[in-house]
Amino acid sequence: MKTTSIMIVGVGGQGSLLASKLLGQLLVDEGYDVKVSEVHGMSQRGGSVVTYVRYGDKVYSPIVTEGEADYIISFEKLEAARYAAFLKTDGQMVVNTQEIDPMPVIIGAATYPTDVLDELKQKGLNIDDFDALTPAVEAGSSKAVNIVLMGRFAKYVDIPYERWIAAIEKAVKPKFVEMNKRAFELGYRS
Amino acid sequence: MKKLLIGNQAVAMGLYHGGLGLASSYPGTPSTEITEFLAMNDDIHTEWAPNEKVAMEVAFGASLAGMRSTCAMKHVGLNVAADPLFTLSYTGVNGGMVVCVADDPAMHSSQNEQDSRHYAIAAKVPMLEPADSAEAYAFARSAFELSEKYDTPVLLRMCTRIAHSQSIVELGEREAADVKPYEKNPGKYIMMPGNAKKRHPVVEDRTAALAEAANDCIYNTVEMAADGKIGIITSGCSYLYVKEVMGDKASILKIGMPNPLPEKLIRDFAAKVEKLYVIEELDPVIENFVRSLGIEVTGKELFSPIGEFSQQTIAAAFGLEAPASISADSAVPGRPPMMCAGCPHRGMFYTLAKNKITVLGDIGCYTLGAVPPLNALDSTLCMGASISGLHGFNKARGEEAEGKTVAVIGDSTFMHSGMTGLVNVAYNATNSTVIILDNSITGMTGHQQNPTTGYNIKGDPAAKVDLEALCRALGIARVRVVDPYDLKACETAIKEELAAREPSVIISRRPCVLLKSVKTKPALVIDPDKCKSCKRCMSLGCPAISMHGGKARIDATLCVGCGVCKQLCAFDAISE
């Protein structure tokens with residue numbers, strides 16, 4: 001099987017770590033060779049963060065380069081635009097439409113490109129954008145945005161629903177399991 | 001048992017299963033998790049040392065006593081620990097000793113991108129370099145045997161991509177960690193000239209023996225392609241990118257032990273291929289060695305010594321087409337890292353910037369005081385350089401500088417190597433003002449305890465350095481503490497200490513807002529009717545405040561109610 005490449009992008013502190021942990025463990029359990037790569041340290045302080053997840057029969061490189069990603073899961077709109085060039089031209093993006101202003105926008109040195117997803121859609125990229133924050137809050141916490149997004153993403157990959165639920169039960173602390181299962185379902189059914 | 005582990009956890013498991021008894025380290029991205037994972041084991045001793053030199057010397061002591069030991073650090077940490085390393089090469093070990101060093105090509109979280117392999121060559125110690133977590137586990141585990149067999153410390157080189165990438169590892173069981181007997185051996189362990197002169201030939205003989213053994217080292221592997229045209233010598237993550245692009249279309253010599261390099265193996269490999277390449281990140285270490293053998297090779301003319309590689313780097317160098325992609329024409333603003341909402345450093349930096357103070361900075365979260373809109377820093381060099389640099393700056397420019405220049409340094413960095421600089425300020429007498437940004441944790445590397453926090457690596461209570469008493473003991477009579485959330489107090493302290501005709505220390509004390517023990521307050525709100533759009537609150541560079549429809553607004557999900565912006569508002573528009 002050819003290697004499949006996924007990118008999880010967002011803003012430091014949005015919880016992409018749990019999403020990649022969940023996804024990595026699930027893919028290992030499915031019997032694939034898996035590599036997950038992220039960068040810790042300074043960039044996490046509110047900066048743009050990216051995690052690469054790759055799986056297949058045998059995976060060599062832990063990173064994804066431009067035009068290589070089969071899927072991009074973006075926790076924030078601007079970050080989706082930043083990494084759009086990494087998506088295969090026929091790849092699929094799942095985007096939370098939440099907007100978080102970066103410092104250049106906050107201090108007025110730049111403007112937030114609010115319509116950028118429409119522009120990318122017009123250019124032919126497959127973008128599934130939706131508000132993941134509202135279902136997360138409905139599930140019990142704004143922090144569950146990551147799992148809502150994973151639920152939405154799960155619709156695009158060929159792994160049964162119950163396998164995802166089993167992976168959530170393994171990846172999440174017991175007291176948060178129910179909330180995260182709800183968040184996943186809300187994303188999946190949305 | 002198959003597990004998905006980051007490289008650093010695999011190193012920790014390898015060391016632990018290899019019979020490790022003691023680990024002493026100073027945190028540094030991307031090496032920190034090695035020691036954090038080791039600390040989860042209660043049957044070994046683990047600790048955060050005040051700096052890398054101390055850590056390596058602690059590991060030496062344990063090795064001398066017969067225990068297998070390790071210390072882990074980032075590439076620049078090895079500069080700090082270079083002194084013990086070079087002579088440890090002469091003494092050799094009793095219990096096996098592994099020095100883990102993590103390079104940071106592309107400088108994700110570092111101030112330079114130096115190549116640690118030069119240290120292995122210069123100190124004449126063997127170095128292993130894994131390419132994924134499975135190798136990290138295997139190499140770390142067997143490094144102790146290598147160390148004891150050749151009586152030498154062993155360097156284990158990681159890089160950001162290997163350290164922070166997860167891949168599948170098949171874990172074994174822990175080896176018994178028996179402590180070897182200790183016997184006094186002055187000729188081996190007392191490195192005074194008479195003894196060291198006798199040890200140097202031992203080091204040279206050892207290097208020759210290791211170089212010979214490198215030809216059969218199981219970590220140097222050859223994969224021959226069917227046609228034998230292209231031959232690539234590579235190592236670490238570069239190997240992964242080469243395999244990704246070339247598959248089995250090129251012959252590959254993968255170097256798992258970059259020092260010493262295997263001459264015979266390289267000669268044999270080079271003889272079997274038509275065109276030879278060396279693909280390695282950072283400096284041309286392997287390439288220079290290959291050239292020194294008189295072998296023609298292509299390397300840095302195609303593969304830059306700057307930054308990280310990727311599969312794209314390799315593909316482009318071999319003229320392969322890049323995959324198609326689509327990007328936005330709209331400008332996508334950058335998202336640089338920044339100080340968190342409620343960060344206690346912000347109030348102090350705001351005050352320094354407002355008063356146009358020259359600020360010599362240091363290494364930590366507070367390096368982010370350099371970014372807009374605060375732009376509060378003038379220099380950042382290395383751990384501890386703020387204080388010693390300030391002293392030199394003030395000596396050079398005299399009274400004029402002393403009245404408007406400060407050093408800022410974090411609590412952990414002060415423990416690491418700021419203390420000695422402060423001794424120098426007192427001893428060699430400048431009227432320097434040093435600000436210790438005491439947020440009660442080692443912040444940037446992800447919240448490690450340090451000697452000022454009162455807790456050890458396990459989170460158990462430990463001896464706590466009294467910073468005020470320490471500064472006084474080092475010769476500074478003027479020591480005062482301020483709360484950086486109180487802008488008036490910050491300004492008064494800075495003005496008074498800069499005016500004082502003697503050296504002084506301001507301890508800017510408030511715990512990191514991300515600490516679980518810190519209770520935050522409800523978010524503040526801005527009354528749009530009272531807001532006059534003066535943007536004074538915006539000058540703080542707080543991620544929770546932004547302008548909407550010409551009025552400032554506070555993001556309730558980010559704001560922790562620190563109240564610093566409230567002190568700035570002249571129109572009383574900000575309230576609880």
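Start at the meeting of the two chains: between chain A and chain B the count is four salt bridges. Keep in mind as you click around that this is a predicted model.

**Stop 1: where A meets B**

Select Arg54(A) and Glu244(B). They form a salt bridge, and their closest N and O atoms sit 2.9 Å apart. Now widen the selection to the whole interface. On the chain A side 56 residues are in contact, and they touch 54 residues of chain B. How much area is buried between chain A and chain B? About 4,800 Å², with carbon and sulfur atoms giving 61% of it.

**Stop 2: a helix pair in chain A**

The crossing is right-handed.

Show side chains next. From α7(A) you want Tyr161(A), Trp164(A), Ile165(A), Ile168(A) and Glu169(A); their partners in α8(A) include Phe184(A), Tyr188(A) and Arg189(A). Colour the residues of this contact by class and you get seven nonpolar, one polar and four charged.

**Stop 3**

Bring chain B back and select residues 7–17 together with 133–150. Here α1(B) packs on α7(B) at an angle of about 30°, and the axes are 7 Å apart. That makes the two helices roughly parallel. This crossing is right-handed. On the α1(B) side, look for Gly7(B), Ala10(B), Val11(B), Met13(B), Gly14(B), Leu15(B) and His17(B); across from them, α7(B) contributes residues including Ala136(B), Tyr137(B) and Phe144(B). By class, the contact has eight nonpolar residues, four polar and one charged.

**Stop 4**

The structure holds 47 salt bridges over all chains. For one of them, zoom to Asp103(B) and Arg157(B), whose closest N and O atoms are 2.9 Å apart. Which parts of the chain does the pair link? Distant ones: Asp103(B) lies in strand β5 (residues 97–103) and Arg157(B) in strand β7 (residues 154–159), 54 residues apart.

**Stop 3: another helix pair**

Move on to residues 385–397 and 411–427 of chain B. The axes of α16(B) and α18(B) come within 7 Å and cross at roughly 20°. The pair is therefore roughly parallel. Ile387(B), Ser388(B) and His391(B) of α16(B) make the contact with Phe414(B), Gly418(B), Gly421(B), Leu422(B), Asn424(B) and Val425(B) of α18(B). Sort those residues by class and you find four nonpolar, five polar and no charged ones.

**Stop 6**

Switch to a backbone view. Most residues other than glycine have a negative phi, and most peptide bonds are trans. Go to the loop between β2 (22–25) and α2 (32–38), where Pro30(B) sits. The peptide bond from Thr29(B) to Pro30(B) is cis, with omega near 5°.

Then jump to Pro260(B), in the loop between β11 (251–255) and α12 (263–272). What kind of peptide bond joins Asn259(B) and Pro260(B)? A cis one, with omega about -10°.

Lys535(B) is not a glycine, yet its phi has a positive value, near 65°.

Conventions:
Residues are numbered from 1 along each chain as its sequence is written. Chains are lettered from A and ligands numbered from 1 in the order in which they are written. This is a predicted model: local features need pLDDT of at least 70, side-chain atom pairs count only at pLDDT 80 or more; totals for chains, interfaces and linings use all residues. Side-chain values use heavy atoms; hydrogens and water are left out. A crossing is left-handed if the near helix is turned anticlockwise from the far one by less than a right angle, and right-handed if clockwise. Helices (H or I, at least four residues) and strands (E, at least two) are DSSP runs, numbered from the N terminus. Contact means heavy atoms within 4.5 Å. Ala, Val, Leu, Ile, Met, Phe, Trp, Tyr, Cys and Pro count as nonpolar, Asp, Glu, Lys and Arg as charged, and the others, Gly among them, as polar. Buried area is the accessible area (1.4 Å probe) that two parts lose on being put together, summed over both. A salt bridge is a side-chain nitrogen of Lys or Arg within 4 Å of a carboxyl oxygen of Asp or Glu. Axes are lines fitted to C-alpha atoms, for helices over the stretch in contact, and angles run from 0 to 180 degrees between N-to-C directions. Angles under 35 degrees count as roughly parallel, over 145 as roughly antiparallel, 65 to 115 as roughly perpendicular and the rest as oblique.
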